[in-house]
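This briefing covers a chain interface and a helix packing. Please look over the sequence and structure before reading on.

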Amino acid sequence: MSSELPRSLSEAAEWLRARRISSRDLTQTLLARAKATQDSIGAFVAFTEESAVAAATRADEELASGVDRGPLQGIPIGIKDILATQDAPTTANSRVLDPAWGNRHDATSVRKLREAGAVILGKLALHEFAIGTPDRDSGLPFARNPWNPAHMPGGSSSGTGAAVAAGLIFGGLGTDTGGSIRGPAAYCGISGLKPTFGRVSKEGCVPLSFSLDHIGPMAHTVRDCALMLQVIAGDDPLDPCTASEAVPDYAAGLSGSVQGLRVGVPRQFFFDAPELKAEVLQAVENALADLQRAGVTLRDLSLPHAASARIAQRVIMLSEAYAYHRQDLIDRPELYGRHTRRQFLNGALYSSADYVQAQRLRSVIKAEVCQAMQDVDVLIAPTALGAAPEFETYDPDSMRRLPSFMSIWNLVGLPAASIPCGFSSAGLPIGMQIVGKAFDEGTVLRVGDAYQQLTDWHRRTPELTVVEPQLI
Amino acid sequence: MSETVSSEIRANVDAVVRRDGLRLSADDYDWLIKVAADLHDDLQPLRAEELRYTEMSVLFSAR
């Protein structure tokens with residue numbers, strides 16, 4: 001983001017209260033920037049300019065009259081286009097979804113953000129139904145990585161990752177079924193949090209997998225994610241999966257200190273996978289050393305079933321997705337993008353016994369993780385095997401066989417953040433995960449925020465470039 | 001892969017396609033056959049002995 005604009009959500013909130021800038025000016029500036037980068041970055045699938053400017057004007061008026069709804073008031077944000085919004089259709093970036101889906105109401109998380117005064121600039125790009133792969137042949141729009149548009153921004157919350165990194169919004173909502181918040185956060189050099197399953201309502205979200213889907217914040221900093229989580233967290237009678245756990249004051253818990261905290265390091269699988277790039281391993285090791293110097297105790301621990309988590313997650317995800325999509329796959333398969341259709345068809349091959357066995361394995365892994373975490377406060381592991389891959393060389397079929405460091409945390413439902421911890425030799429961001437105990441997002445955020453006070457990876461921003469579409 | 005196994009895999013995929021009334025392009029069918037051929041190996045962790053006495057929750061909770 002340029003020097004004349006705030007660099008983070010928290011900073012923007014301060015500027016608005018100091019009258020250094022108005023929400024209306026901020027909104028119009030970012031809308032113009034977002035539109036100017038659509039050809040190169042393509043982060044948005046729809047702009048909601050009219051309602052955004054109205055919301056920004058209202059925020060300015062309220063702040064001027066002493067009505068303060070909290071730090072999100074007047075802040076431009078974006079919503080992944082898999083969540084229902086009243087001012088724009090929801091497409092899930094697919095030709096299959098009924099245009100009436102969501103019936104133009106706000107998803108619970110979106111409603112809460114609006115009530116907190118956030119200004120929604122539009123709907124953000126995603127991989128089709130949160131599972132597809134960018135594919136020129138499908139004709140569906142896709143976002144590009146602001147650090148290098150020839151590279152992928154990660155998915156499926158690709159637009160949210162790209163828009164935050166490019167400085168087009170101060171924060172946004174993503175969804176995460178196997179890493180769809182944390183992957184784009186790592187590839188785009190921003191912070192993203194998949195909360196505990198049940199912490200944030202999924203009402204108004206097009207489902208991919210009922211028991212693995214999570215909604216969470218993506219922003220420049222961990223502090224910004226904390227401010228967003230504060231607003232969207234909580235029980236919701238419209239989502240039976242939400243929990244009645246108390247929601248703590250997340251920002252108040254960001255002490256900047258990690259003194260005395262115990263960090264678990266699952267060396268096996270997460271640090272010794274042959275596919276893990278050396279520069280990612282080094283970046284995460286450096287981060288562990290930084291945290292150790294800041295006062296944490298590192299403890300190696302073992303999760304023997306970690307490598308098997310991926311198949312349990314995959315069987316559950318694709319079985320649940322197939323149940324949701326089966327009729328459309330029968331009636332109009334040609335409307336799906338090729339990769340999306342094939343993923344969903346894969347779900348047809350699993351038997352009911354496979355699904356039950358996957359759920360039983362899930363129980364085993366959950367118990368194993370809970371046991372391992374009894375003696376630590378958080379775990380730290382790499383987010384991805386490497387930095388963002390190139391579009392041209394990306395092969396979605398080969399991904400099926402690669403280890404995943406993210407999907408296990410969907411399987412066990414624990415909170416997991418990805419934050420920037422370095423850059424590759426090609427100048428692309430590297431991320432690491434901080435994983436907490438159930439409903440203890442507070443400690444995850446505390447560790448992440450303290451790390452960001454020690455380092456500046458999250459402050460680096462890409463120089464926006466424009467590439468010809470045919471290069472992608 | 002032996003011809004017998006290959007025919008068995010093909011028959012299994014054909015049965016799934018018939019069961020659900022799926023309409024597959026030739027490319028999608030070939031892709032599904034390829035995935036099905038890997039299925040036995042892929043699903044090995046789900047056959048583990050230790051799962052024999054493990055329960056599953058109907059409604060997942062992180063607690």
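The points below take the interface and then the helix packing.

The model is predicted. Chain B and chain A bury an area of about 3500 Å² between them. Within chain A, helices α4(A) and α7(A) pack at an angle of about 110°.

**Interface of chain B and chain A**

- Chain A contributes 45 residues to the contact, and chain B contributes 33 residues.
- Carbon and sulfur atoms give 57% of the buried area.
- Six salt bridges are counted between chain B and chain A.
- One salt bridge joins D38(B) to R401(A), with 3.2 Å between the closest N and O atoms.

**The side of chain B that touches chain A**

- Helices α1 (3-20) and α2 (26-42) of chain B each supply at least two residues to this side.
- Helix α2(B) gives the most, with nine residues.
- By class, this side of chain B has 18 nonpolar, 12 charged and three polar residues.

**Helix packing in chain A**

- Helix α4 spans residues 108-115 of chain A and helix α7 spans residues 222-232 of chain A, and their axes lie 8 Å apart.
- Because their angle is about 110°, α4(A) is roughly perpendicular to α7(A).
- From α4(A), the contact is made by S109(A), K112(A) and L113(A); from α7(A), by M228(A), V231(A) and I232(A).
- The residues of this contact comprise four nonpolar, one polar and one charged.

Notes:
Residues are numbered from 1 along each chain as its sequence is written. Chains are lettered from A and ligands numbered from 1 in the order in which they are written. This is a predicted model: local features need pLDDT of at least 70, side-chain atom pairs count only at pLDDT 80 or more; totals for chains, interfaces and linings use all residues. Side-chain values use heavy atoms; hydrogens and water are left out. Axes are lines fitted to C-alpha atoms, for helices over the stretch in contact, and angles run from 0 to 180 degrees between N-to-C directions. Helices (H or I, at least four residues) and strands (E, at least two) are DSSP runs, numbered from the N terminus. Angles under 35 degrees count as roughly parallel, over 145 as roughly antiparallel, 65 to 115 as roughly perpendicular and the rest as oblique. Contact means heavy atoms within 4.5 Å. Ala, Val, Leu, Ile, Met, Phe, Trp, Tyr, Cys and Pro count as nonpolar, Asp, Glu, Lys and Arg as charged, and the others, Gly among them, as polar. Buried area is the accessible area (1.4 Å probe) that two parts lose on being put together, summed over both. A salt bridge is a side-chain nitrogen of Lys or Arg within 4 Å of a carboxyl oxygen of Asp or Glu.
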